[in-house]
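Reader: I would like to go through this model with you, term by term. Please set each value against its definition before you conclude anything.

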Amino acid sequence: MSDTERGESRRRGRNETEEERADRMWQELIQEVRVAQMGVQILFGFLLTVVFTPTYAKLSDTDQTIYIVTVVLGACATGALIGPVSLHRLVSGRRIKPQAVQWASRLTLLGLLLLLATTSSSLLLILRVATDDDSVPYLVTGVVCWYLLCWFGLPMWTRYRHTSR
């Protein structure tokens, strides 16, 4: 009788059971989330203070709108990147770690996309206020392309290039 027929978890890849794999993937995910959480929380905290400065009242309506959108994006990014912690706490001990890892991974990816949007709109606002240059949208577009390359392009290329087909 095989392991699978006896109801035991099947080993694969690193010679680990599904539960062992979920434990490992959870630990890796939490380390990744810690890095992203730190960045989004610092950025969001800074954004929250801007409205209380004298300069805020001098911003154009467009710049105030960009600021409000940026703060909302930052709040959403913070929520998505803290979500895996809450998810883990609420489902811990329920024997659904593989599913929890999958949902936490999705929340983290969403958080990274929202962090990309928050960072980009923050850069747009800062450059609009700091300069009166028509090249600001091009600079921001260049930075967004850089983020997309570093955060998604290179990882997807590596995944495609170095995984078995």
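**Charges, helices and cores**

Author: The chain carries 18 positive and 15 negative side chains, and the centres of the two sets lie 7 Å apart; here Lys and Arg count as positive and Asp and Glu as negative, with His and the chain ends left out, and each charge is placed at NZ of Lys, CZ of Arg, CG of Asp or CD of Glu. This is a predicted model, in which local features need pLDDT of at least 70 and side-chain atom pairs pLDDT 80 or more, while totals for chains, interfaces and linings use all residues. Residues are numbered from 1 along each chain, and side-chain values use heavy atoms, without hydrogens and water.

Reader: How do you know how many helices and strands the chain has?

Author: Helices are DSSP runs of H or I with at least four residues, and strands are runs of E with at least two; by that rule the chain has five helices and zero strands, in the order α-α-α-α-α.

Reader: What makes a set of residues the largest nonpolar core?

Author: A nonpolar core joins buried Ala, Val, Leu, Ile, Met, Phe, Trp, Tyr and Cys residues through side-chain atoms within 4.5 Å, where buried means under 20% relative accessible area with a 1.4 Å probe, protein chains only. The largest such core has 17 residues, with Val-40, Leu-47, Tyr-56, Tyr-67 and Val-71 having the most contacts inside it. Helix H1 (18-50), helix H3 (61-91) and helix H4 (97-130) each supply at least two of its residues.

Reader: Which residues does Leu-47 touch?

Author: With contact meaning heavy atoms within 4.5 Å, and residues up to four places away in sequence not counted, Leu-47 touches Tyr-67, Thr-70, Val-71, Thr-118 and Ser-122.

Key:
Buried means under 20% relative accessible area, exposed over 50%, partly exposed in between (1.4 Å probe, protein chains only).
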